[in-house]
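Notebook open. I want to go through this model piece by piece and jot down what I look up.

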Amino acid sequence: MTVATGVHRRLLRRETHRARTAPAVAVAVASALILIVALAAGGWILVDPAARAAAERAAESAAAIGIPLGVGAIVAAVVLIALAVLPGRRARRGRATQRMAVLVDDGVLADLVADRVARRCGIGRSQVSATISRRRCDVRVTPTSGVAIDDGAVRGAASAALEEMGFPSPVRVRFAERGVVS
Amino acid sequence: MNATNRALNRGLLLLVGALLASVGAALVVVSAPPERFGGMRGAIVDASAAAMAPTLDVASGVRVPMAGVIAAAVALVAVIGIIAFIATRGRGHTTTVAWDEGGTSVDRSVADAVIAGALRDRTDVLSVRTTSAEVRRSPVIGLTLRARRGADLAQIVRAAEHAIEEWDAFAGREVPILVHLAGPRWVDGWHSATRVRGPGGASAPLTSRPEIGARRREGDNAMSAEDKIKAAADKAKGKAKEVAGKATDDRGLVAEGKADQAKGHAREAAGEVKDAAKDVKDSFEK
């Protein structure tokens, strides 16, 4: 019996990307307020000649700050368009198994890799740090002074940890030039 | 986890961004000194004058530009649209995780008891949260697991798979499930790296080497698959009865559920005794 894998794939796609609901709702609320104020102001200007004169004076004085206002509006527009167009990936990765969809935060995976590397090389956990980016896993190792660490062992431990979780990825290992006394 | 229409979110951001960009550009052009964008400025001023020219007689002596009336109507429609937009965010939340045509539905708390309950007993799991939503007219269960530092994640995933098997056996259908291994929140920094299990269990040192002291590994477990399934089914059935009983204030059902769970535990214990006996036998044979 197969579960709807389409649903799993859709869930993973949604959970690995930002929803953009918060900025969209903020923009919606701000636009609604501006429109309501503009409608009320328009009605008021229509019925009250004094208000109309005041509005004309205000429009003239506003012309002085027209350029900074316009530039500010363009900057805000660029931010909004970027939010609309950029993919908004989150630092997570997912895969669908036969029965369920598994979603793992990149930080959790990086912790696992660093733990395994530290254990395999027999060094302290604080001497290893790992970062997982979209296409690569970076492992930085600070060896203990005078104790050589095999590059292959580090790579092997990191790859094994990633494969065990089902997210294989190329590993890049870097050693600190100066060791530490542990 | 919800079913919010995300394309609409992005569409609104794009629309407002484009409007804001054109208004900002027009403002800059109009306010700049005349020798800069001279031609463009003239075009904008002419166009706005032309737009304001046709007027509408609203009352005796009061004439308003036609463009103003149209703009007001558009603004009114836009405000209504925005209210509808805000109201439809976050759709798809539901507390029902399974339903059928017969009108039977299962509440999220039952799934939480069966799936998350089994995982909460583990010493290497900090917290489990169950969520549910309706996606593409199908119920979906979400489990957010926070593991302790140094925990064996693959083993936790296997445990989740196992708990889901129990749930499937209970629910009688396969509801799509999303298991999320989440990173620690800032409050999780306050938890210690180890946890002492309550009566009946041993403390599990996780940051040190877990293989020390764990004489029997998972793969060696000889308890037969049939025993395991029976025990698990009893426990799941019992838990569900207990939860249902509590929800409906039916004490009889709660008691029945507890009895079923005890049966499950007994079955499990019997299986372990069998294993232990086998181990003793093996050690003599070696």
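Predicted model: local features only at pLDDT ≥ 70, side-chain atom pairs only at ≥ 80, totals over all residues.

I started at Arg93(A), which counts as buried because its relative accessible area is 13% (buried is under 20%, exposed over 50%, partly exposed in between, with a 1.4 Å probe and protein chains only). Residues are numbered from 1 along each chain as its sequence is written, chains are lettered from A and ligands numbered from 1 in the order in which they are written, and side-chain values use heavy atoms, with hydrogens and water left out.

Which residue does Arg93(A) meet in a salt bridge? I found Asp106(A), at 2.7 Å from N to O; the term asks for a side-chain nitrogen of Lys or Arg within 4 Å of a carboxyl oxygen of Asp or Glu. Arg93(A) sits in strand β1 (residues 92–96) of chain A and Asp106(A) in helix α5 (residues 106–121) of chain A, so the pair ties together parts that are 13 residues apart in sequence. Helices (H or I, at least four residues) and strands (E, at least two) are DSSP runs, numbered from the N terminus. Asp106(A) is buried too, at 8% relative accessible area.

Next I looked at Arg125(A), which has a salt bridge to Asp111(A), with the closest N and O atoms 3.1 Å apart. Here the loop between α5 and β3 of chain A holds Arg125(A), and helix α5 of chain A holds Asp111(A), so this pair ties together parts that are 14 residues apart in sequence. Arg125(A) is partly exposed at 26% relative accessible area. Asp111(A) is partly exposed, with a relative accessible area of 26%.

I also noted a network of salt bridges that links Glu15(A), Arg92(A) and Asp105(A). Over all chains, I get a count of 13 salt bridges by this rule.

**Across the chains**

Where does Arg116(A) find its partner Asp152(B)? The salt bridge between their side chains is 3.6 Å from N to O. The pair crosses between chains, going from helix α5 of chain A, where Arg116(A) is, to the loop between β6 (138–147) and α5 (153–171) of chain B, where Asp152(B) is. Asp152(B) counts as partly exposed at 26% relative accessibility.

**Surface patches**

I turned to the nonpolar patch on the surface, which has about 820 Å² of accessible area together and draws on both chains, with Trp44(A), Leu46(A), Leu56(B) and Val69(B) among its members. Patch residues have over 30% relative accessible area and no salt bridge, with like charges joined within 9 Å and nonpolar side chains (Val, Leu, Ile, Met, Phe, Trp, Tyr) within 5 Å. Areas come from the Shrake-Rupley method with a 1.4 Å probe, and for residues only the protein chains shown count as cover.

Which element gives the largest share? It is α3(B), with four residues. At least two residues each come from α2 (21–47) of chain A and from β1 (55–59) and α3 (66–87) of chain B. I checked Val69(B), in helix α3 of chain B, and found it partly exposed at 34% relative accessibility.

The positive surface patch consists of Arg13(A), Arg89(A), Arg134(A) and Arg135(A); Lys and Arg count as positive, Asp and Glu as negative, and His and the chain ends are not counted. I placed Arg135(A) in the loop between β3 (128–132) and β4 (137–141) of chain A. Arg135(A) counts as exposed, at 61% relative accessibility.

**Chain B overall**

I get seven helices and seven strands for chain B. Along the sequence, the pattern runs α-α-β-β-α-β-β-α-β-β-α-β-α-α. Chain B has 286 residues, of which 33% count as buried. Among contacts (heavy atoms within 4.5 Å) between residues at least 6 apart in sequence, 59% join residues at least 24 apart.

Pro65(B) belongs to strand β2 (residues 62–65) of chain B and is partly exposed at 24% relative accessible area. Setting aside its neighbours within four places in sequence, I find Pro65(B) in contact with Met52(B), Pro54(B) and Thr55(B).

Last entry: Ser109(B) is in helix α4 (residues 108–120) of chain B, partly exposed at 35% relative accessibility.

Key: Charge placed at Lys NZ, Arg CZ, Asp CG, Glu CD.
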